[in-house]
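Subject: Structure for you to look at

Hello,

Here is the structure I said I would pass on. Please open it beside this email as you read.

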Amino acid sequence: MAKKAAKAHTHAETNVGEIFSKSERFIESYRNHVFIAVAALILIVIAVLGIRHYYYLPKEKEAQGAIFPGENYLATQQWELALNGDGKDYVGFLGIIEDYGVTKTAKLARAYAGICYYHLNKPEEALEYLKKFDANDKVVTPLIKGLMGDCYVDLGKVAEGIKYFNKAASEANSDFFSPIYLKKAGIAYESIFDYPNAIKMYQTIKNKYPNSQEAGDIDKYIDRAGLETK
């Protein structure tokens with residue numbers, strides 16, 4: 001019995017030795033490949049960090065300075081100037097998008113450009129830029145989706161507009177913003193003669209957001225839509 005155990009032990013040692021030997025031969029055979037792969041990975045990391053430090057961050061700072069006049073034009077509802085620039089020191093949101101496309105500021109400029117186009121009665125152009133805006137901000141993102149709803153309604157695509165109003169209301173999850181978009185959805189439903197869904201939107205405002213400004217006269221909207229269902 002002891003001889004069998006010793007034999008099995010020796011056999012196991014032999015197998016382990018063969019495994020390690022094969023591993024050593026594999027590593028030896030592919031040593032250069034491994035070193036090249038590691039070196040390439042290190043170079044990629046260094047390149048990424050270098051691009052971020054020496055290109056992206058300075059570009060971002062430059063873009064933030066460039067967009068500031070446009071934000072002032074936006075606040076004062078000078079849509080054309082905000083969008084296209086003043087021909088002097090400010091290049092406009094469109095210029096910022098072109099010049100600083102890799103930055104977060106350029107992403108914000110896309111949202112601003114969409115707002116300007118909407119107020120210039122160009123909903124198709126507005127949608128083009130609003131769709132390119134990508135952020136997970138709980139305030140800005142619902143506002144952009146709500147504006148996209150307005151664009152679709154203006155283009156006669158009411159069902160699509162309602163979809164975005166509902167998204168905006170849901171994502172905002174706000175006593176201030178959500179009732180605004182629910183009311184827009186209700187009015188849009190009325191425009192396509194879908195009065196039961198209009199009433200549903202208005203009732204949601206009344207029940208879920210009773211202290212909102214929209215709830216103040218919401219019974220008037222409920223009664224109006226209700227009359228059409230009789």
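Below is what was found in it, taken topic by topic.

This is a predicted model, in which local features need pLDDT of at least 70 and side-chain atom pairs count only at pLDDT 80 or more, while totals for chains, interfaces and linings use all residues. Residues are numbered from 1 along each chain as its sequence is written, and side-chain values use heavy atoms, with hydrogens and water left out.

Overall make-up

The protein has eleven helices and zero strands. Helices (H or I, at least four residues) and strands (E, at least two) are DSSP runs, numbered from the N terminus. Of its 230 residues, 36% count as buried. Buried means under 20% relative accessible area, exposed over 50%, and partly exposed in between, with a 1.4 Å probe and protein chains only. Among the contacts with a separation of 6 or more, 46% are between residues 24 or more positions apart; a contact means heavy atoms within 4.5 Å.

The largest pocket

The largest pocket holds about 280 Å³ of space. It is lined by 16 residues, and those closest to its centre are Ile 115, Leu 143, Ile 144, Leu 147 and Tyr 181. On a 1 Å grid over the protein atoms alone, a cavity is a set of points where a 1.4 Å probe fits but cannot get out, and a pocket is an open set with protein on both sides within 12 Å along at least five of seven lines; lining residues have an atom within 4 Å of a point. Grid points are joined across faces, edges and corners, and the volume is the space filled by probe spheres set on the points. Helices α5 (104–119), α7 (140–154) and α9 (177–191) each give at least two residues to the lining of the largest pocket. By type, that lining has twelve nonpolar, two polar and two charged residues. Ala, Val, Leu, Ile, Met, Phe, Trp, Tyr, Cys and Pro count as nonpolar, Asp, Glu, Lys and Arg as charged, and the others, Gly among them, as polar.

Aromatic rings

Rings of Phe, Tyr and Trp (its six-membered ring) pair if their centres lie within 6.5 Å; planes under 30 degrees apart count as stacked, over 60 as edge-to-face and the rest as tilted. The count by this rule is eight aromatic pairs. One of them is the stacked pair of Tyr 117 and Tyr 129, at 5.7 Å centre to centre with 20° between the planes. This pair links distant parts of the chain, with Tyr 117 in helix α5 and Tyr 129 in helix α6, twelve residues apart. Tyr 117 and Tyr 129 are both buried. Ring pairs also link Tyr 73, Tyr 90, Phe 93 and Tyr 112 into a cluster.

Helix α11

In α11 (residues 218–228), the buried residues are Ile 218, Tyr 221, Ile 222, Ala 225 and Gly 226. They cover an arc of only 130° around the axis, so they are on the same side of α11. The arc is that of the directions from the helix axis to the C-beta atoms. Lys 220 and Leu 227 are exposed, on the face of α11 turned away from its buried side. What covers the buried residues of α11 includes α9 and α10.

Ser 178 and Tyr 209

Ser 178 is in helix α9 and is buried, at 0% relative accessibility. Tyr 209 is in the loop between α10 and α11 and is buried too, with a relative accessible area of 6%. Ser 178 and Tyr 209 are 31 residues apart in sequence and 8.5 Å apart in space, C-alpha to C-alpha. Not counting residues up to four places away in sequence, Ser 178 touches Ala 169, Ala 172, Asn 173 and Tyr 209.

Positive phi

Most residues other than glycine have a negative phi. Asn 121 has a phi near 60°, a positive value; it lies in the loop between α5 and α6 (123–130) and is exposed, with a relative accessible area of 69%. Phe 193 has a positive phi of about 65°; it sits in the loop between α9 and α10 (195–208) and counts as exposed at 64% relative accessibility.

Regards
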